[in-house]
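Subject: Structure handover

Hello,

Here is the structure you are taking over. My notes on what was found in it follow below.

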Amino acid sequence: VFVGELAARAHDERIGDVLVPSFAKLAENDRPSALVRSLSLVGFAVFPLAAGLCGISRPLSLFLNDTWQALDVRMMLLVLSLLSIARPIEWVVRVYLQVAARTRLIMFIEWGKVVLIMAAIFSLGLLGPIAACVAVAGTFLVSALAYVVAVGRTAGVPLPRLLAALARPLFC
């Protein structure tokens, strides 16, 4: 999971390096369609990572000793692979909001995510480590949805259009 997180951070920086100047150079009325296209393309590039993490969780568990088997690392990896779905959505939308000078909105969502993740881990974490993983993955999915709703309202892109752009790569 740590290696996957490092890979995700590396992609995050590269995607931001490309999208910030791209969105900034576009005319303001062309940005919403570029946002929809970017969400779909990033999804096609990164969503297979989630499927790959789910796919290797079972074979990976064969190499773990009894201590790790008791923790059910396979199930944790399955749950945390959902981060590979939520993170790219946040990357693209955060960059769009940054270029649109909506940094206060970004800060509000990120602070909300911090509060939600701490509350979710402290409450669900009492049920065990897998529940703590569900808390983390769930928080990131809620945060991604908050970003999509926020950008839909600020950019004037209908929510169904944004969700359709995400659904195509997710279900392919």
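How many residues does the largest nonpolar core have, and which have the most contacts inside it? The core has 40 residues, and F23, L35, L39, I89, V151 and L162 have the most contacts inside it. A nonpolar core here is a set of buried Ala, Val, Leu, Ile, Met, Phe, Trp, Tyr and Cys residues joined through side-chain atoms within 4.5 Å. Buried means under 20% relative accessible area, exposed means over 50%, and partly exposed is in between (1.4 Å probe, protein chains only).

Before the rest, two notes on the source. This is a predicted model, in which local features need pLDDT of at least 70 and side-chain atom pairs count only at pLDDT 80 or more, while totals for chains, interfaces and linings use all residues. Residues are numbered from 1 along each chain as its sequence is written, and side-chain values use heavy atoms, with hydrogens and water left out.

At least two core residues come from each of α2 (31-61), α4 (73-80), α5 (83-99), α6 (103-124), α7 (129-155) and α8 (159-170). Helix α5 gives the most, with 11 residues. (Helices are DSSP runs of H or I, at least four residues, numbered from the N terminus.) Leaving aside neighbours within four places in sequence, I89 is in contact (heavy atoms within 4.5 Å) with L39, F47, A144, V148 and L166.

Salt bridges. The whole structure has 4 salt bridges, each defined as a side-chain nitrogen of Lys or Arg within 4 Å of a carboxyl oxygen of Asp or Glu. E90, R94, E110 and K113 are linked in a network of them.

- R94 pairs with E90, with the closest N and O atoms 3.2 Å apart. Both lie in helix α5, 4 residues apart, about one turn of the helix.
- E90 also pairs with K113 at 2.9 Å, N to O. This pair links distant parts of the chain, with E90 in helix α5 and K113 in helix α6, 23 residues apart.
- E110 pairs with R94 at 3.8 Å, N to O. E110 lies in helix α6 and R94 in helix α5, so this pair ties together parts 16 residues apart in sequence.

R94 is partly exposed at 22%, and E110 is partly exposed at 24%.

Regards
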